[in-house]
Amino acid sequence: MIHRDFHALFFRSVDRIALVAAAFSLIGFVNAQDEPAAPERIDLSNFPGEFVDQVVVPIPAEIFAVLDKLDEPEWSKGVEIPENPGDKGERAILALTFGSLVGEGFIAVQAENAEDIEEIGKKVLALSQALGLADAVQPHSLAIIEASGKRDWESVRDELDSTQQTVRDTMDKLRDQELSELVSLGGWLRGTNVVTAFIRESFREDKAELLNQPGLLIHFREMLGKMKDPSKETSQIRAISTGLARMEAIITGDEVISEEDIRELNEISRAMLEEYYFISEESRKDSGN
Amino acid sequence: MTLPHHPVFLPRTWLAVAVALGLIPFAEKAFAFVNEAISYAFEAATPYVEQGFEVREDTWSGEVEPGKPLLVRHQLFRGNEYWFWAGTSWPGASVKVDIFDSEGNSVGLESFVKGNFAGVRALPEKTATYFIRVITEYDPEKAKKDAVNDPVEGVGEYEGMVDWGLVYGYR
């Protein structure tokens, strides 16, 4: 039986003390006890064990780390905090928005913009109240704001990951597994949108390769397909399902991702985010802003 | 960089206290709640945090029959370096972890096994889905020794399954 861990419910401060002590003792034996080599090859089509069905979705910071090695993106241009995230009702939409807002936080950390991070921290807390998870999120939100004030970007990054994980763990405990998965999808979507925007500005095949994530697209599409929540029938969730299918047609895993593919992926991900997170240009014009 | 949170009190410590207080039914629930295998995996990650690895909060875990290999699919990005750390808390159990690409070729650059945890390092040659193999073993003789070192009645009775946990970090 596969189950989620609950380590996030315990104390961090005591860990640090234990970490330092353990670090010195571990380094010694790690070097001393190399294991016999793994088999050079295994047959994945006839694997004599069990495939674990739990999927861990990479956080945007993992992809940003590579992009930083390949280029010098102007991260501040990527931050785009929506005015009223999560004012569109349904809990499923709130969960998606929460994930995207945490994704926004990861972009703001790359930009090292304390003001933006503080604003995102406050919006994350407000959104968690709408989700009924404020008690769980408040300590993280305060830690994000405090660490950004100290310009301690690593801690901000850690806290953003913790925030998302705490919310997902809490949702899992409340048997809201579907909402928990939507949080991950929201973060992934915001990260994908900003990464494609930067790659679009100065295309290179090695940067485009970062989008080679067919397994995650299949996971998200299947997850939305299996959703039992009535929100599955909302126009937003249906539009997101369609967007994922369009992305899947581009990211096959077999072909090199072209400049045109990146443009399309950027536009598709933007349109998906405009379903629940950003205000579209069209809506903006309609409302006269 | 800090490690994600993990239990300060190990479940068996909880259980010892609970036994003394006559709270076993509640203690059993506590045991199920705390994931000690993940704690061991995070313990294995400790030295690498000092080397700049960002250790993720999200993890994999469960229970498995010893000797039965598990395969975890995961997306890796070329340009990052990864360590995967596995742990098991069951008395007498050990764990090993390897990594393979989508063709089934081993891509682990180095690995280690020590007691209740193990690790493997990879530098992906391409951005793709990779497969992390976790295998646990159970040694009844070692279990007896562990029981002598950590005796709490009613805990650690082997029923054919052991716990496992897997975490990862990147830089």
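Reply: Starting from the N terminus, the elements of chain A follow the order α-β-α-α-α-α-α-α-α-α-α-α-α. That comes to twelve helices and one strand. The model is predicted.

Me: What is the order of elements in chain B, and how many helices and strands does it have?

Reply: Chain B runs α-α-α-β-β-β-β-β-β-β-β-α-β from its N terminus, with four helices and nine strands.

Me: What share of each chain counts as buried?

Reply: In chain A, 44% of the 289 residues are buried. In chain B, buried residues are 53% of the 171. The label requires 20 or more other C-beta atoms within 10 Å of the residue's own.

Me: Why is G89(A) called partly exposed?

Reply: G89(A) has 13 C-beta neighbours inside 10 Å. Exposed would require 12 or fewer and buried 20 or more, so a count in between is called partly exposed. G89(A) sits in the loop between α2 (60-70) and α3 of chain A. Its C-alpha atom is separated by 9.9 Å from that of Y276(A), and the two residues are 187 residues apart along the chain.

Me: How do you know that the span of helix α9 of chain A is close to what is expected?

Reply: Helix α9(A), residues 214-226, has 13 residues. The expected span is 1.5 Å times one less than the number of residues, which gives 18 Å for α9(A). From first C-alpha to last, the helix reaches 18 Å, so the description "close to" holds.

Me: Which residues of α9(A) are buried, and what puts them on the same side?

Reply: The buried residues of α9(A) are L216(A), L217(A), H219(A), F220(A) and L224(A). They cover an arc of only 160 degrees around the axis, and therefore lie on the same side of α9(A). An α-helix has 3.6 residues a turn, so residues three or four places apart point the same way. Exposed residues E222(A), G225(A) and K226(A) are carried on the face turned away from the buried side.

Me: What covers the buried residues of α9(A)?

Reply: The cover includes α7 (177-201) and α10 (235-250) of chain A, together with β3 (70-76) of chain B.

Me: What makes β1 of chain A an edge strand?

Reply: The open sheet has four strands in the order β1(A)-β3(B)-β8(B)-β5(B), with mixed pairing. The edge strands are β1 (50-52) of chain A and β5 (93-100) of chain B, since each pairs on one side only. From one strand to the next the twist averages 30 degrees.

Me: How do you know that β1(A) pairs with β3(B)?

Reply: Pairing requires at least two bridges between the strands. Three bridges join β1(A) to β3(B), so they count as paired. The two strands run parallel, and V52(A) stands opposite V72(B) in β3(B).

Me: Which residues have the most contacts inside the largest nonpolar core?

Reply: The largest nonpolar core has 113 residues, and those with the most contacts inside it are A41(B), F84(B), A86(B), V134(B) and L166(B). Its largest share, twelve residues, comes from helix α3 (residues 91-111) of chain A.

Me: Which residues does A86(B) touch?

Reply: Leaving out residues up to four places away in sequence, A86(B) touches A41(B), V95(B), V97(B), F117(B), A118(B), V134(B), W164(B), G165(B) and L166(B). A touch here means C-beta atoms within 7 Å.

Technical notes:
Residues numbered from 1 in each chain as written. Chains lettered and ligands numbered in written order. Predicted model: local features only at pLDDT ≥ 70, side-chain atom pairs only at ≥ 80, totals over all residues. Arc of directions from axis to C-beta. Contact = placed C-beta atoms within 7 Å. Core = buried A, V, L, I, M, F, W, Y, C linked by C-beta atoms within 7 Å. Axes fitted to C-alpha atoms, helices over the stretch in contact; angles between N-to-C directions.
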